Amino acid sequence: SNLLAIVGAEYIMGYLPPGTHDWNQFRSPAEIQQLMDEAGLEQVNVNGMVLTKPPLCGQWDWKLDPSDVDVNWIGTYKVKLEDRPQQS
């Protein structure tokens, strides 16, 4: 969950200063998709960034997982073809 990510990264592991994350600023892929639609962009790909093992020794080991976008995720977007200006 987002709460676990915030508490774990900021308070338990100390990877980030306390207060770095604001729960109210977390956005889901669906919320970003709506903003991208309004901006004339379409989604190309969205993947969750999932830790494969705890970073207890300073080693961050991530994998991309399209089915796990609950906390950390990354997306790519492009201009919609129908919104591109016509070239003469």
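Predicted model: local features only at pLDDT ≥ 70, side-chain atom pairs only at ≥ 80, totals over all residues.
The protein contains two helices and three strands. Read from the N terminus, the order of elements is α-α-β-β-β. The protein has 88 residues, and buried residues account for 20% of them. Contacts between residues at least 6 apart in sequence were also examined; 51% of these join residues at least 24 apart. The accessible surface of the protein amounts to about 6,700 Å². Carbon and sulfur atoms contribute 54% of that surface.

The three strands form an open sheet. Their order is S2-S1-S3, and the pairing is antiparallel. Strand S2 (61-65) and S3 are the edge strands, each pairing on one side only. On average, neighbouring strands of this sheet are turned by 30° against each other, direction ignored. Strands of a sheet pair through backbone hydrogen bonds, in either a parallel or an antiparallel sense. Between S1 and S3, the antiparallel pairing extends over seven bridges. Within this part of the model, Leu41 stands opposite Val79 of S3.

Helix H2 spans residues 29-38. Its buried residues are Pro29, Ile32, Gln33 and Met36. Viewed down the axis of H2, these buried residues fall within an arc of 105°, so they line one face of the helix. An α-helix has 3.6 residues a turn, so residues three or four places apart point the same way. The face of H2 turned away from the buried side carries the exposed residues Ala30 and Glu38. Cover for the buried residues of H2 comes from elements including strand S1 (41-53) and strand S3 (73-79). Just after H2, Gly40 adopts a positive phi of about 80°.

With residues up to four places away in sequence not counted, Gln33 touches Leu41, Gln43 and Tyr77. Leu41, one of these contacts, is the residue that stands opposite Val79 in S3.

A search of the whole structure returns one salt bridge. Lys80 and Asp37 form this salt bridge, with their closest N and O atoms 3.6 Å apart. The pair links distant parts of the chain. Lys80 belongs to the segment after S3, whereas Asp37 belongs to helix H2, and 43 residues separate them. Lys80 counts as buried, at 17% relative accessibility. Asp37 is partly exposed, with a relative accessible area of 37%.

Leaving aside neighbours within four places in sequence, Val69 is in contact with Pro29, Val46, Asn47 and Gly48. Pro29, one of these partners, is among the buried residues of helix H2. The C-alpha atoms of Val69 and Val50 are separated by 8.5 Å. Along the chain, Val69 and Val50 are 19 residues apart.

Note on methods. Residues numbered from 1 in each chain as written. Heavy atoms only, no water. Helix = DSSP H or I, 4+ residues; strand = E, 2+ residues; numbered from the N terminus. Buried < 20%, exposed > 50% of the residue type's maximum accessible area, 1.4 Å probe, protein only. Contact = heavy atoms within 4.5 Å. Areas by Shrake-Rupley, 256 points an atom, 1.4 Å probe, with all protein chains shown as cover. Arc of directions from axis to C-beta. Pairing = 2+ DSSP bridges. Axes fitted to C-alpha atoms, helices over the stretch in contact; angles between N-to-C directions. Salt bridge = Lys/Arg side-chain N within 4 Å of Asp/Glu carboxyl O.
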